[in-house]
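I opened my notebook with a few simple things to look up. Here is the model I worked from.

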Amino acid sequence: MRAIMLSMLGLASAASAESPVTPGKWQTTTTVESMTMPGMPPEMAKRMMGKPMSATICITPKEAAAGPRDVIGKSNGACRYRSFAATAGRINAVMECKTGAPTPQLIAVSGTYSPVSYDIRSKMSGGAVQSVSRTMGKRLGPC
């Protein structure tokens, strides 16, 4: 689960690369809005929801120019795009991620982006874990 969330942070950061993205230090914040997992106590799900998880990453000029499909490499080959479109400030994508479970996770992403910010919603389904999260990112300055 954590690896998929980190991949989504990477996807969100890279997604605006076709805009193009502005290289530099980026802060991403992901908030889980809903989550279900068989056997997970409701109080555990409640603790996870609504708590922002933040990360700061540096996007190099080379990474910015490479485009969003490079996130596949950052997932150690676990994820691949079924579809991807990023034009006119809108992004829509579907990724399939193999997590070791019998059924791959599907992650549907949609939202808005600019060269210095983005706001996307991700819906993960297909395996044991079902979740909806919101990831916002902004460029903070140079690395």
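I began with Trp26, which counts as buried at 0% relative accessibility (buried is under 20% relative accessible area, exposed over 50%, partly exposed in between, with a 1.4 Å probe and protein chains only). This is a predicted model, where local features need pLDDT of at least 70 and side-chain atom pairs pLDDT 80 or more, while totals for chains, interfaces and linings use all residues. Residues are numbered from 1 along each chain as its sequence is written, and side-chain values use heavy atoms, without hydrogens and water.

Next I looked up the aromatic pairs and found 2 (ring centres of Phe, Tyr and Trp, the latter by its six-membered ring, within 6.5 Å; planes under 30 degrees apart are stacked, over 60 edge-to-face, the rest tilted). Trp26 and Tyr118 are stacked, because their ring centres are 5.9 Å apart and their planes at 20 degrees. Trp26 sits in strand S1 and Tyr118 in strand S6 (residues 117–125), so this pair ties together parts 92 residues apart in sequence. Tyr118 is buried too, at 4%. Tyr81 and Phe84 pair edge-to-face, with 5.1 Å between centres and 70 degrees between planes, and both are buried.

Then I followed the strands (DSSP runs of E, at least two residues, numbered from the N terminus; two strands pair with at least two DSSP bridges between them). S1 (residues 24–36) runs antiparallel to S2 (residues 53–59) over 7 bridges, with Met53 the bridge partner of Thr30. S1 also pairs with S7 (residues 130–141), antiparallel over 11 bridges, and there Met35 stands opposite Ser131.

Last, I checked Ala88, in the loop between S3 (79–87) and S4 (90–97). Ala88 has a positive phi of about 50 degrees, though it is not a glycine, and is exposed at 81% relative accessible area.

Terms used
Helices (H or I, at least four residues) and strands (E, at least two) are DSSP runs, numbered from the N terminus.
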